Every structure is written in C-alpha cells, then in structure tokens.
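Here's a quick briefing to read alongside the sequence and the 3D view.

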Amino acid sequence: MDSIFDLFSIGIGPSSSHTVGPMKAANAFMKELKTKGNLSNVNRIEVTLYGSLANTGKGHGTDQAVIYGLLGYKPESIDIAKARLALTELINTNTLAIEKYHRIVFNPDSHIEFSGQEYLKFHPNGIRFQAFDTGNTLLQAETFYSTGGGFICTADDTTPKITTSVQPYPFNSFDELAKICSCSKMNIVEVVLANEATLTNEDKIYEKCHDIWLVMNESVNRGLHSQEKILPGGLNLNRRAPEFFKRLTHHKNIDSLNQIDWLNMFALAVSEENARGNRIVTAPTNGAAGIIPSVLSYINQFHLPITRKVSTEFFAVATAIGSLYKKNASISGAEVGCQGEVGVACSMAAGALAHILGGDIKAIENAAEIAMEHNLGMTCDPIGGLVQAPCIERNAIAAVKAVNAARMAVYNPNESKVSLDTVIKTMYQTGKDMGSKYKETSHGGLAINVSIVEC
Ligand code: SF4
C-alpha cells in the first residue's frame with residue numbers, strides 16, 4: 001500500500017506527470033551531481049524530453065518545471081512568485097545559477113530538446129539529463145521516467161521512489177484487503193492507518209491528513225476568489241469558478257439540484273488553479289486534482305464539517321483504492337488515457353464518500369467500482385497540450401459522478417457482478433489497447449479538432 005502522503009502530495013499545476021515529476025527528476029539529477037562533487041565542474045547541461053513529455057510538454061509547462069528543478073525548487077515547497085521571477089531572469093539572460101557563484105549558459109530553446117517521435121521503452125514519459133565539463137567530457141547522465149502522480153524512477157531502477165516500510169497488513173487486491181478486514185475484524189480505515197503507522201505516528205497522521213485538506217480548501221478558496229479572467233496558454237478559456245460562486249451565494253431561487261452546482265463549482269475552482277500552475281494537492285494526479293477537494297467540500301457544505309477524523313478517514317479509504325490502481329494498473333494519462341487520472345480520482349472519491357455516508361466495505365467497493373466502470377475508455381486529448389479542455393470541466397463532471405456512485409452504492413445496495421479488482425484490470429487492459437494518440441500526446445480527439453487561434 002502506498003503511503004497516504006505519497007498519493008496526496010502538495011505540488012504545483014498543471015500536471016503531476018508532466019510538471020511535478022520532471023521537476024523532481026531535475027532536482028534529483030542536480031543532487032547527484034552535488035553528491036559526487038561534480039557541480040562546480042559543470043559547464044553545460046542538456047535535457048531531452050521523450051514521448052508524451054515532449055508532445056504535450058509545452059502546454060503542460062514541462063520545460064519550465066525542468067528549469068525550476070535545475071534551479072533547486074521542489075514541488076512541495078516552491079514559492080511560486082519567486083520561482084517565476086527566477087525563470088524570467090533565466091530566459092532573459094540565458095544563464096543558469098547552479099551554485100552560489102557558479103553560473104553556466106543555459107538557453108531553454110537549445111538546451112531542452114523535445115523528441116516527441118521517440119518513446120523510451122519503459123514508459124511514455126521519459127526525460128534524460130546530461131552534464132558536461134568545459135572540455136566537453138560527459139560528467140553525468142541519467143534517464144528518468146515520470147510514471148504518473150508525481151512519481152519518478154530511473155532507467156537503472158524502475159521502482160518508483162516511494163516511502164516504504166514493512167507493513168503489518170500488505171494487500172495486492174481489494175479481495176485481499178476485504179479478507180484482512182474480515183479476519184482482523186478491522187475496517188479499511190483501521191487497516192490503512194495500521195500500515196501508515198509504520199511510517200508516521202498516529203497523532204501525526206491525523207495532523208498531516210488535516211493539513212492536506214487545508215491545502216485543498218485553500219486552493220478551492222483561491223480559485224473562487226481569483227481576479228484573473230482568462231487562463232494562460234492561448235486557448236483563452238475563462239475562469240468560471242469566481243462568477244459561479246457569486247451566482248450561488250447571491251441567488252435565492254435555488255432548485256432541487258443545487259448541490260450539483262456546488263460540486264461543479266468546487267471542482268472548477270481547483271482545476272482552474274491547477275491550470276494556472278498554482279499550488280494544489282496531487283490527488284492522485286494534478287489533471288484530476290479538482291475531484292477529491294470538490295467531494296470533500298461538498299461533504300463540508302452539506303453533510304458534516306471536515307474534522308481531523310473525517311479528513312483522515314476519507315484519505316485512508318481513498319488511498320487504499322488509489323494504491324490498487326497504481327499497483328495493478330496505472331495512474332498515468334500517458335499510459336492509459338484519462339481513465340487513469342480522472343477515472344481513478346472519481347473512483348477514490350466515490351469509495352471514500354461511501355465510507356463517510358456510513359457504507360460498509362461492500363458499499364465502498366461497489367461505489368469505487370461503479371465510478372470507474374463508467375469512466376472506462378476515457379481518452380486523454382487535451383487541446384493545445386494544455387490541462388484545460390477537456391480537463392477542467394471533466395473534473396466537475398467526475399465529482400458529480402463520484403457522489404452519484406457513492407449514493408447508489410450506499411442507499412441502493414445491489415449484488416454487483418463486477419468487482420473492483422476486475423474493473424481495475426479492465427481499465428488497464430483498455431488503456432493498453434488504446435492508440436497512443438489518445439494517451440496525452442495531443443495527436444487525436446479534441447486536440448486535433450479544436451485549434452488554438454492566437455490573437
Ligand atoms: S484529458 Fe485527463 S489525463 Fe489528459 S491532461 Fe486532461 S485531465 Fe489529464
């Protein structure tokens with residue numbers, strides 16, 4: 001089982017695989033240079049983006065993320081305003097400060113190569129760094145893969161860099177998890193927290209979970225109160241959440257489907273913040289970062305306040321489900337299409353909400369299964385390579401779908417013919433069968449039928 005805090009990590013938009021992962025990779029490369037005492041000998045750094053990272057890298061801000069990483073910024077602690085100033089300075093001067101007194105020429109146009117035709121073997125999101133000295137001798141080279149959700153691994157060690165520990169209740173499938181629960185007389189939350197306690201003490205788990213909710217809530221509020229009218233990138237997409245908020249808070253004639261409006265609005269707020277490259281929680285990816293905060297905000301608004309207990313239980317159940325997708329399928333749009341991002345977030349949110357609504361383990365499984373079953377086959381075809389259309393609205397639709405799935409499973413239980421394990425397997429098979437043009441390349445679907453008109 002992944003740690004809750006690996007699956008829900010604080011980062012910046014717009015993409016966990018195309019922004020957060022490459023930033024971490026650049027960071028790791030620089031750290032290695034430093035550890036080996038090579039930093040002061042570096043005269044040139046070359047970066048090559050492969051496959052999906054190259055094809056949608058411009059729209060996803062991959063080149064900028066690489067520069068942030070080379071400059072030493074980390075996704076979890078980055079000061080966005082400061083980083084943007086440093087980026088502008090680098091672009092204006094073509095100079096990269098790699099140590100306090102050591103600067104090298106770095107021209108993003110010539111030192112970052114986009115190699116979209118070339119797909120590396122292990123994963124569609126490949127990135128290679130090379131550092132040379134003044135004599136043009138290669139000092140260090142490393143190939144990384146960004147495998148989704150901000151996780152990275154290297155070509156030599158394809159195990160993603162995650163926090164590991166010996167867990168008392170390891171499980172590889174929902175079926176195994178259900179057996180553990182039945183034998184130990186524990187529920188999913190208790191099992192997950194027992195595993196998590198091998199990494200973090202229990203009080204701290206509650207505190208950290210609540211902090212994650214607070215960052216999510218902050219991103220909802222920033223999105224609702226943003227003064228920015230149009231999102232950057234050239235698609236000229238309006239920010240809709242601020243107007244939506246004014247309408248919902250001032251409009252008195254509320255109809256019976258009003259809760260759907262709130263869900264939509266919360267999801268739009270976070271997804272617009274993500275598209276702007278602002279601070280959000282990866283949940284479990286950035287493209288799908290609006291769904292879980294929307295469902296939690298909905299609980300907060302219409303059911304019960306998000307206390308430490310509620311946030312911890314919600315994230316525990318969501319992590320159990322998300323871990324299974326990550327282990328047995330993929331949470332990378334470049335590998336399995338949007339079903340692996342928005343579909344997985346929808347499934348995690350549905351299962352976690354089913355628990356909060358009082359559903360038992362069957363209801364949780366059923367909610368998570370329904371949510372994915374009706375996202376199967378969903379492609380990734382972002383217009384202009386931007387995480388905006390269809391992504392932003394898709395988060396809103398998925399948040400509503402998650403609530404619908406949870407309510408159906410809890411209030412109208414039925415013997416399901418499809419298990420969660422089966423739908424996870426099916427999602428992965430469907431993703432593997434999907435043509436690569438529908439997997440985060442912007443070579444198919446909406447991306448080729450809607451063009452960005454520069455004005
Ligand atoms: S279509 Fe889905 S997977 Fe693709 S960039 Fe948008 S949110 Fe991510």
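Let's start with the open sheet: its 5 strands come in the order β5-β2-β6-β7-β8, and the pairing is mixed. β5 (112–115) and β8 sit at the edges, each pairing on one side only. From one strand to the next, the twist averages 25 degrees. Keep in mind that this is a predicted model.

**Strand pairing**

- Strands of a sheet pair through backbone hydrogen bonds, and they can do so in parallel or antiparallel fashion.
- Strand β2 (residues 44–50) and strand β6 (residues 125–132) run antiparallel and are joined by 7 bridges.
- To find that pairing in the viewer, look for Tyr50, whose bridge partner in β6 is Gly126.
- Strand β7 (residues 138–148) is also antiparallel to its partner β8, with 4 bridges between them.

- Helix α2 (residues 16–35) lies across β2, β6, β7 and β8, and runs at about 150 degrees to β7.
- Helix α5 (residues 62–70) lies across β2, β5 and β6, at about 145 degrees to β2.

**The α16/α17 pair**

- Two packed helices are described by the angle between their axes and the distance between those axes.
- For helix α16 (residues 342–356) and helix α17 (residues 361–373), the angle is about 155 degrees and the axes are 7 Å apart.
- That angle makes α16 roughly antiparallel to α17, because anything over 145 degrees counts as such.
- The crossing of α16 and α17 is right-handed.
- On the α16 side, the contact is made by Gly343, Val344, Cys346, Ser347, Ala350, Gly351, Ala354 and His355.
- α17 brings Ala363, Ile364, Ala367, Ala368, Ala371 and Met372 to the contact.
- How do the residues of this contact divide into nonpolar, polar and charged? There are 10 nonpolar and 4 polar residues, and no charged ones.

**Two buried loop residues**

- Gln339 sits in the loop between α15 (333–336) and α16.
- Gln339 counts as buried because its relative accessibility is 0%, and the cut-off for buried is under 20%.
- Leaving out residues up to four places away in sequence, Gln339 touches Val344, Met372, Asn375, Leu376, Gly377, Met378, Met427, Thr430, Gly431 and Met434. Two of these names, Val344 and Met372, also turn up in the α16/α17 contact.
- His123 lies in the loop between β5 and β6, and is buried with a relative accessible area of 3%.
- Apart from neighbours within four places in sequence, His123 is in contact with Tyr145, Ser146, Thr147, Ser332 and Glu335.
- The C-alpha atoms of His123 and Ala389 are separated by 24 Å, with the two residues 266 apart along the chain.

- Most residues other than glycine have a negative phi, and most peptide bonds are trans.
- Gly13 and Pro14 are joined by a cis peptide bond, with omega about 5 degrees. Pro14 is in the loop between β1 (9–12) and α2.
- Ala389 and Pro390 are also joined by a cis peptide bond, with omega about 10 degrees. Pro390 is in the loop between α17 and α18 (391–411).
- Asn136 is not a glycine, yet has a positive phi of about 65 degrees. Asn136 is in the loop between β6 and β7, and is partly exposed with a relative accessible area of 47%.
- Ser442, again not a glycine, has a positive phi of about 60 degrees. Ser442 is in the loop between α19 (420–433) and α20 (446–449).
- Is Ser442 buried or exposed? Ser442 is buried, with a relative accessible area of 14%.

Terms used
Residues numbered from 1 in each chain as written. Predicted model: local features only at pLDDT ≥ 70, side-chain atom pairs only at ≥ 80, totals over all residues. Heavy atoms only, no water. Pairing = 2+ DSSP bridges. Axes fitted to C-alpha atoms, helices over the stretch in contact; angles between N-to-C directions. Parallel < 35°, antiparallel > 145°, perpendicular 65-115°, else oblique. Left-handed = near helix turned anticlockwise from the far one by under 90°. Contact = heavy atoms within 4.5 Å. Nonpolar A, V, L, I, M, F, W, Y, C, P; charged D, E, K, R; others polar. Buried < 20%, exposed > 50% of the residue type's maximum accessible area, 1.4 Å probe, protein only.
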